[in-house]
Every structure is written in C-alpha cells, then in structure tokens.
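This briefing concerns one annotated region of a protein chain, with attention to a sheet and a helix. Please consult the sequence and the structure below while reading.

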Amino acid sequence: MTVDVFPAVMQDFLHGDRPGVVVDSPPGAGKSTLVKRVATHLAGAGEPLAIVAQTNEQVDDLVAGIAAAAPDSQVGRLSRDGYLASARVAGHRNVVVDSKMGNLTGSAVVISTAAKWATVTDGSWPWAIVDEAYQMRSDALLRIAGRFERTLFVGDPGQLDPFSVVETERWAGLSWDPQQSAMAVLLAHNPSIKPHRLEVSWRLPATAAPVVSEAFYPYTPFTSGTGPEDRSLFFRTRAFGKSTVDYSLETAAATGWALHELPRRQTLRTDAEVARACAQLATRLLERSAVAVSEKAPDGAPVTADRIAIGTAHRDQAAAVRAHLPADTGITVDTANRLQGREYDVTIVWHPLSGRRDATAFHLESGRLCVLTSRHRHACVVVARAGIPDLLDAHPSTGRMYLNEAVKFPDGWEANQAVLAHLSEHRVPA
C-alpha cells in the first residue's frame with residue numbers, strides 16, 4: 001500500500017508558513033507526475049507559475065507533459081535565441097515558444113532552465129517549482145530566488161551533484177560555497193524545513209529497487225511499486241550458436257541484471273572493445289525482438305530503439321559507442337549527466353571504472369553510478385573489464401575533509417562495492 005503525498009505537499013506549499021517546500025524522491029518515484037499535478041492545479045486556479053529545470057531536455061519533457069495534462073492552459077517555453085522546438089514540444093497547440101519573457105505574458109505556466117531564468121530582469125511570480133533541485137548549484141538559485149514568493153523544490157538526493165569545470169576548493173566548507181547544491185544550502189540555512197518523501201519507485205522493477213536502495217539510499221530506503229511477477233522480458237527470436245552477448249541479454253531478461261565482463265586489462269578511456277560490446281548488446285536486443293510485459297503493457301510491448309539507452313561517464317566514450325552503431329539507429333547514447341531524469345526499458349552501462357589504473361573522485365562519484373543503474377524499467381546490462389574490485393581495494397576513498405562541510409553518504413567507494421557485489425551474481429565472462 002502506498003501513500004499519496006500530493007495532498008500533504010499541496011497543503012504545505014499553498015498554506016504553509018515557510019517560503020520553501022522540499023520533496024525528496026528516489027529514481028522513478030513520480031517527481032514528474034507530482035510537478036505536473038501541482039502545475040495543472042495552479043493553472044486551473046489561474047495562478048501564475050514559473051518552473052525551473054536544469055537542462056533543455058528536462059525543460060522539453062516538462063513542457064510536453066504539462067501541455068498534455070492541461071490542454072486548456074497556455075504553456076510558455078522560455079528559450080534561447082535560435083532555439084528550434086523539439087517534436088514533443090511543437091506537437092502541442094497550447095505551447096508558445098519565445099526567447100523573450102514579454103511575449104509569454106499570457107502563459108499560465110512558464111518553463112525554462114535555471115541559466116535562462118537568470119537572464120530575466122523583470123517580473124515576479126507568486127509560485128515556482130524547481131525540478132531536479134539537487135542538480136542545481138547554490139549560486140544559480142541565489143540569482144533567481146528573489147523573483148519567487150513560494151517555491152516547491154523537487155529532486156533526488158542520490159543523483160549527480162552539481163559540477164564545475166573550474167577549481168572550487170577555495171570555497172569548500174564555506175556556507176556560500178557555490179559548488180554546493182541548492183538543496184544543501186537551502187536545508188542548511190532553514191533547519192525548520194522537513195522534506196516530504198516519496199518512498200516508492202514506479203520505474204525500477206522489483207529486481208532493481210532493493211539493489212539501488214541499499215547501495216545509494218541506505219538512510220532513506222524505498223521499494224518498488226511493482227512485484228516480481230508484474231514485469232518480464234522475453235525474446236521472440238531464438239538464438240542459434242549463442243554468443244556471450246546473447247547470454248548476457250538472457251541473463252538480464254531473467255534476473256533484471258547482467259555483468260558483461262571483458263578480460264582484465266588497463267586501457268585507454270575510449271576502450272574500443274567495451275564500446276563495441278555496448279553497441280553489440282543494443283543491436284542484438286533489437287535483432288532478437290525483445291518484448292517487455294508490464295502493468296502498462298500486460299500483453300507485451302516491443303522494446304524499440306527509443307526504449308534502449310547506453311550510458312557512459314564521458315562524452316568521448318559515448319561517441320565511441322555511436323561509431324559502432326548503424327546511422328540513425330534511434331538508440332540513445334549519452335553520458336550520465338544527460339540521461340538523468342530519463343527512463344527506458346533496457347539500459348546498457350559502460351562502467352565508469354572499467355579498464356582504469358586508478359579510481360579518481362570523478363569515477364567514484366556515487367551519483368554517476370546511481371544515474372546509470374537506475375534508468376531502466378526491466379533490465380540493466382553493465383559492461384566492464386574484470387578487476388574493478390581489486391582496483392577499489394587498491395584505491396580507497398582519500399578525498400579531503402573540510403570543516404563545516406557535510407559528508408555525503410554513502411561515498412562512491414562503498415556504493416561501487418555494493419553494486420559490484422550484486423553484479424557478481426549475474427556475471428557473464430566475455
């Protein structure tokens with residue numbers, strides 16, 4: 001039995017005595033659904049609403065979802081100059097796209113990225129929602145917070161933290177450290193705010209929710225909204241003369257997980273064998289006509305190319321995988337940063353530590369592995385070279401500690417060990 005937190009959130013948001021309301025959510029627990037419900041409620045009541053997202057992909061997803069949920073309300077998409085509306089945005093008649101706020105004044109809801117909102121020089125809104133708030137840097141919130149009277153912050157504390165390409169160590173431990181997430185600073189300065197929590201993941205299957213919860217959310221556990229018998233994955237086409245690719249896919253279909261393990265070796269970051277294996281797994285999944293059975297499709301739905309994602313840690317790794325895929329295949333290949341917030345039937349993960357000779361803070365980031373292993377509704381195949389447990393044992397966490405800086409738990413070393421311990425039960429040596 002699950003509890004609908006929407007009434008409590010709305011009561012706190014509309015009638016509470018604090019300017020900010022926080023909702024914490026594990027992967028696939030309904031953050032987007034909650035945002036859409038709040039947006040349609042306020043739009044129906046004629047209350048102007050501003051929504052802040054962190055990436056253009058997230059903005060487009062929200063625009064399409066809210067436009068469909070509130071067809072009688074105008075939704076404004078505040079964009080950069082030269083922006084071309086994606087198909088999922090252009091397909092809604094009640095969406096207006098413009099780079100100037102003055103041309104969106106008739107919109108019940110205006111949605112844009114935090115970076116674009118920071119360029120708005122006039123106007124204020126009585127209501128605002130910040131989506132994926134744990135991805136937002138504190139300085140980005142500081143630039144726009146004064147324009148909103150009451151704000152609902154929705155995000156996943158286990159996902160990727162904000163990052164910067166410049167050195168930020170000089171501010172570490174300071175209350176105004178811009179590298180801290182907006183949520184960390186908000187909660188540190190407002191201890192009276194008690195976050196609401198969504199405790200059920202509707203994305204992750206029963207095979208995945210316990211693994212992800214234990215590895216990345218040890219102090220805020222969650223469960224799957226579906227049971228072991230509610231979802232299954234099978235293939236319409238049999239494989240003759242099976243390869244290790246087939247065995248990995250069948251293991252993932254049967255158990256929800258597979259570790260497609262290549263021989264131990266230290267390699268370049270763009271390991272050609274790993275890139276080829278990721279591409280082969282995805283194309284073989286299509287060749288064998290995979291079918292996903294779930295509560296959404298009890299009779300089964302084909303796993304098409306748009307329902308498959310390949311996730312990597314680096315952009316050059318994603319490019320290496322694409323080089324092994326047919327042109328315009330439709331399979332999503334991208335980094336964890338860009339896959340965050342998205343959902344697929346099957347994901348194939350290039351493990352961040354595969355083939356490395358060291359374990360840097362970037363590759364040990366728990367949020368990166370959390371994103372990569374929590375995008376799927378049915379199965380996840382992790383591709384890696386053997387030897388990662390030994391690499392972790394040789395490189396324990398050695399990050400610096402700073403006064404007044406909150407320590408994030410679990411750390412990446414511990415989270416990686418927990419995930420690998422589970423994957424070892426589903427290992428397919430290549």
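The points below cover the basis of the model, the annotated domain, the sheet and the helix.

The model is predicted: local features require pLDDT of at least 70, side-chain atom pairs count only at pLDDT 80 or more, and totals for chains, interfaces and linings use all residues. Residues are numbered from 1 along each chain as its sequence is written, and side-chain values use heavy atoms, with hydrogens and water left out.

**Annotated domain**
- An unreviewed UniProt entry places "domain: DNA2/NAM7 helicase-like C-terminal" at residues 192-385; such annotations may be inferred rather than shown by experiment.
- The span 192-385 is 30% helix and 25% strand, and its end C-alpha atoms lie 47 Å apart.
- Helices (H or I, at least four residues) and strands (E, at least two) are DSSP runs, numbered from the N terminus.

**Sheet**
- An open, antiparallel sheet is formed by three strands in the order β11-β13-β14, where pairing requires at least two DSSP bridges.
- Because β11 (232-235) and β14 (301-302) each have a single partner strand, one side of each edge strand is left without a neighbour in the sheet.
- β11 is joined to β13 (residues 290-293) by four bridges, and Phe234 stands opposite Val291 in β13.

**Helix α10**
- Helix α10 (residues 272-287) has 16 residues and reaches 22 Å from first to last C-alpha, close to the 22 Å expected (1.5 Å times one less than the number of residues).
- Its buried residues (under 20% relative accessible area, 1.4 Å probe, protein chains only) include Val274, Cys278, Leu281 and Leu285.
- At the start of α10, a side-chain oxygen of Asp271 comes within 3.0 Å of the backbone nitrogen of Glu273.

Definitions and conventions:
Buried < 20%, exposed > 50% of the residue type's maximum accessible area, 1.4 Å probe, protein only. Polar contact = N/O pair within 3.5 Å; in protein donor to acceptor, adjacent residues only side chain to side chain.
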